[in-house]
Each structure stands twice: as C-alpha cells, then as structure tokens.
Amino acid sequence: IRELDPQLPVFIETWASRLDLPLFPSRIATISLGILGGIGAMLSITGIFGLAAYSVSKRKRELGIRIALGAERLEILSAALGRAFRLLLLGSAAGMILGILAGRVLALIVYQASPRDPIVLIGVILAMLALGLLATWIPARRSLSIDPVALLRDE
C-alpha cells in the first residue's frame with residue numbers, strides 16, 4: 001500500500017503485537033507455573049533418590065545375603081526398589097486426582113487451557129514416573145554391586 005501511495009494514512013499492526021498486552025498476565029502466569037513445576041520436579045527427584053538410597057542402605061545386609069544365595073538381578077532390583085516404586089505409583093495417582101481438581105483454577109489462569117486435558121495429564125504422569133524411575137536407578141545399580149563377602153565380613 002505504501003508503494004502505491006506513500007501519503008495514505010495506513011497503520012498496519014499484526015495480531016501478535018495487538019495481543020501482547022492483553023495476553024501478558026497469562027504469559028507471566030504460564031512462565032511462573034512452568035518454573036514452579038521445574039522446581040517441584042527437581043525436589044521430587046531429590047526426594048525419590050533419597051528415599052531409594054536410604055532404603056537400599058538400610059537393607060544392604062539382606063540384599064547381600066540374597067546375592068550370596070544366588071538371587072537373580074530382577075529379584076534384587078524388586079527387593080531394593082519395591083517400596084519406592086509403590087510410592088511413585090501412589091504419588092502419580094494422587095497427582096492425577098489433584099491435577100483434575102486444580103484444572104479449573106489453572107484454566108482460568110492459563111490461556112487456552114482446558115480443565116481436563118487428557119494429553120497433558122497423561123504426559124505429566126508419564127514424565128514424573130520416568131523421572132522417578134531415573135532417580136531410583138542409581139541406588140538400584142548400587143544394590144546390584146554389593147559384594148556379599150565384604151558385607152558379611154564387616155558385620
């Protein structure tokens with residue numbers, strides 16, 4: 001238009017620039033919720049890792065005896081991480097229920113969010129289960145490397 005007649009009073013504004021101010025509170029809320037979610041994920045990984053490491057350290061003698069008697073690797077892993085895995089499943093179920101309940105509040109804050117978006121709920125649950133399993137993997141590897149002879153000789 002400016003090439004045809006530079007004197008025309010034409011003001012061109014894109015939708016993105018037009019919506020910057022009205023969407024600013026929703027964007028800030030989304031960024032804040034994302035940061036808080038990341039911090040929550042780090043805290044949960046730390047807690048799960050601590051729980052699994054503590055559980056393995058308290059059961060070293062039992063795990064050493066199981067290894068000495070010829071238990072399979074899968075049996076040792078299930079003995080070492082059974083409680084942590086049950087807590088992960090329980091926490092995921094509780095998180096899903098609380099997520100559904102909090103969905104309406106979040107839908108008011110976050111732009112274009114539905115209160116019961118199944119893709120988001122399943123994605124969050126799978127992500128937390130994956131992070132929890134990753135956090136329990138290091139203590140599980142430690143439980144498999146227990147030397148039963150040295151462990152039984154110490155006590």
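## The buried side of helix α4

Within helix α4, the buried residues are Leu-121, Ile-125, Leu-129, Gly-132, Ala-135, Thr-136, Pro-139, Ala-140, Ser-143 and Leu-144. Here "buried" means under 20% relative accessible area, "exposed" means over 50%, and "partly exposed" lies in between, using a 1.4 Å probe and protein chains only. Helices are DSSP runs of H or I with at least four residues, strands are runs of E with at least two, and both are numbered from the N terminus.

Please keep in mind that this is a predicted model, in which local features need pLDDT of at least 70, side-chain atom pairs count only at pLDDT 80 or more, and totals for chains, interfaces and linings use all residues. Residues are numbered from 1 along each chain as its sequence is written, and side-chain values use heavy atoms, with hydrogens and water left out.

Helix α4 has 27 residues and reaches 38 Å from its first C-alpha to its last, close to the expected 39 Å. That expected span is 1.5 Å times one less than the number of residues in the helix. Helix α1, residues 15-58, has 44 residues; its end-to-end C-alpha reach is 61 Å, close to the 64 Å expected.

Where do these helices bend? In α4 there is a bend of about 30 degrees at Trp-137, and the proline Pro-139 follows within four residues. In α1, a kink of about 65 degrees lies at Leu-23, shortly before Pro-25. The bend at a residue is the angle between two fitted axes, one for the seven residues ending there and one for the seven starting there. Leu-23 is also among the buried residues of α1, which include Ala-41, Ile-48, Ala-52 and Val-56.

## Two nonpolar cores

A nonpolar core is a set of buried Ala, Val, Leu, Ile, Met, Phe, Trp, Tyr and Cys residues joined through side-chain atoms within 4.5 Å. The largest one here has twelve residues, among them Ala-52, Val-56, Leu-81, Ala-84, Ala-140 and Leu-144. Helices α1, α3 and α4 (118-144) each give two or more residues to this core, and α3 provides the largest share, six residues. A second, separate core has five residues, including Ile-48, Ile-125, Leu-129 and Ala-135.

Take a look at Ala-52: leaving aside neighbours within four places in sequence, Ala-52 is in contact (heavy atoms within 4.5 Å) with Leu-81, Ala-84, Thr-136 and Pro-139.

Is Ser-92 buried or exposed? Ser-92 lies in helix α3, residues 73-109, and counts as buried because its relative accessible area is 13%. Beyond its neighbours within four places in sequence, Ser-92 touches Ile-125 and Leu-129.

Between the C-alpha atoms of Gly-95 and Ile-138, which are 43 residues apart along the chain, the separation is 24 Å.

## The largest pocket

The largest pocket has a volume of about 960 Å³. Its lining holds 32 residues, with Gly-37, Gly-99, Leu-106, Val-120 and Val-124 nearest its centre. Helices α1, α3 and α4 each supply at least two lining residues, and α3 gives the most, eleven.

A pocket is found on a 1 Å grid over the protein atoms alone, as an open set of points with protein on both sides within 12 Å along at least five of seven lines; lining residues have an atom within 4 Å of a point. Grid points are joined across faces, edges and corners, and the volume is the space filled by probe spheres set on them.

Note on methods
On a 1 Å grid over the protein atoms alone, a cavity is a set of points where a 1.4 Å probe fits but cannot get out, and a pocket is an open set with protein on both sides within 12 Å along at least five of seven lines; lining residues have an atom within 4 Å of a point.
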